[in-house]
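Welcome, and let us take a walk through this structure together. Please keep the sequence and the 3D view at hand as you read.

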Amino acid sequence: MIKAEWFYWLVGAVFLAMAAQMAVDRSNPKRHGSAAFWGLLGACFFYSSWVVEKKAPAEPLGVAVLAMVCLGGFQLTGRGVPRTTTPEQRTASAARLGSRLFVPALTIPLVAVVCASAVKHWRIGGEPLLEAGSETILGLGFGAIAGLAVAMVVVRERRPTVPLHAGRNLLESMGWALLLPQLLAVLGSIFQVAGVGEQVGKITEQMLPDGQKYVAVAVYCVGMALFTVIMGNAFAAFPVMTAAIGWPVLIQQMHGDPPLVLAVGMLAGFCGTLVTPMAANFNLVPAALLELKDQYGPIKAQLPTAGALLVCNIVIISLFAF
């Protein structure tokens, strides 16, 4: 059986290899902090296997996360001078390769879908080839490996160290923001366990006028957007605001249509995603990769659209959910 844990170890090994590269990169004035940050992350991928198997305590993982927060928060990580081609060379290469550049990227989802839909039924000696319940994760891992192989064939690159160096440059460009979605997802789980949604619901019920469904709709949608701004993730904000207002007020008390209320409420949360730096993978990482002068440029450009969509979501629920 091919286990998902093996791919986690592979990811950890890649992070450790890149951390070793960063540690000896003298063009990076903060190379030791960068190496420590990504090295700790890589080590966590290995150590967490022992934690899951209850062979080691989980506390060192928490210490590692806090150390990484300090390294990123105090700006102890940096970026070296990338060893890459000139803009003119990249332009010429892109013109030569044309649409073939998209083939490696399309290979990843294609392999993932095949693994999740077909390969999961394959058996050897009566045992499934892929670990049950992890077919999609394994498909993504196989897809990444296949995509890398296809990319090297397409660009005619024979040196295996080139992808590693290119990946390190990409990693340093994105920085600590790469891990923000995972941390925010954990924050959403903490809020749910702590009963934040229930407390927000009690406060809302006391403040909302009785029978004012349009006000309740506006509070729900605006609350979804604001909590998403805080958490950086609409999926994390959804259980909090739905437990507070969406389900008890709009659906149970005012008999709103559940699919419409909840679906459009999630769309209202996505309006918050457009305007928050906490959604780093959407708003900060692209600015870093494109080397924009204003790192908040995407947010400023998306702000009018987010406001207009939020108003539309409020109107849709008000007109069609009751």
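A disulfide is counted here when two cysteine sulfur atoms lie within 2.5 Å of each other. By that rule the structure holds zero disulfides. Before going on, a word on the model: it is predicted, so local features need pLDDT of at least 70 and side-chain atom pairs count only at pLDDT 80 or more, while totals for chains, interfaces and linings use all residues. Residues are numbered from 1 along each chain as its sequence is written, and side-chain values use heavy atoms, with hydrogens and water left out.

Let us stay with the cysteines for a moment. The closest cysteine sulfur to that of Cys271 belongs to Cys221, and at 8.5 Å this is too far for a bond. Cys271 is buried, with a relative accessibility of 4%; buried means under 20% relative accessible area, exposed means over 50%, and partly exposed is in between, using a 1.4 Å probe and protein chains only. Cys115 is buried too, at 7%.

Next come the aromatic rings. Rings of Phe, Tyr and Trp (its six-membered ring) pair if their centres lie within 6.5 Å; planes under 30 degrees apart are stacked, over 60 edge-to-face, and the rest tilted. The whole structure has six such pairs. In one of them, the ring centres of Phe7 and Phe142 are 5.0 Å apart and the planes meet at 80°, so this pair is edge-to-face. Phe7 sits in helix 1 (residues 4-23) and Phe142 in helix 6 (residues 135-154), so the pair links parts of the chain 135 residues apart; helices are DSSP runs of H or I with at least four residues, numbered from the N terminus. Phe7 is buried at 12%, whereas Phe142 is partly exposed at 27%. Phe15 and Phe45 make a tilted pair, with ring centres 5.9 Å apart and planes at 35°. This pair ties helix 1, which holds Phe15, to helix 2 (residues 31-52), which holds Phe45. Phe15, Phe37, Trp38 and Phe45 form one aromatic cluster.

Now turn to helix 9 (residues 196-207). Its twelve residues reach 17 Å from first C-alpha to last, close to the 16 Å expected at 1.5 Å a residue, where the expected span is 1.5 Å times one less than the number of residues. Gly197, Val200, Gly201 and Thr204 are buried in helix 9. Seen down the axis, the buried residues fall within an arc of 105°, so they line one face of helix 9; the arc is that of the directions from the helix axis to the C-beta atoms. An α-helix has 3.6 residues a turn, so residues three or four places apart point the same way. The buried residues of helix 9 pack against helix 10 (213-231) and helix 11 (234-253), while the face turned away carries the exposed residues Glu198 and Gln206.

Which residue reaches the backbone oxygen of Thr276 with its side chain? That is Asn283, at 2.7 Å. A polar atom of the Asn283 side chain also lies 2.9 Å from the backbone oxygen of Thr273. Asn283 is in helix 13 (residues 280-283) and is buried at 1%.

Most residues other than glycine have a negative phi. Lys54, however, has a positive phi of about 60°, and lies exposed in the loop between helix 2 and helix 3 (59-73). Gln75 likewise has a positive phi, of about 55°, in the loop between helix 3 and helix 4 (87-97).

Methods: Helices (H or I, at least four residues) and strands (E, at least two) are DSSP runs, numbered from the N terminus. A polar contact is a pair of N or O atoms within 3.5 Å; within protein, one must be able to donate a hydrogen and the other to accept it, and residues adjacent in sequence count only if both atoms are side-chain atoms. Contact means heavy atoms within 4.5 Å.
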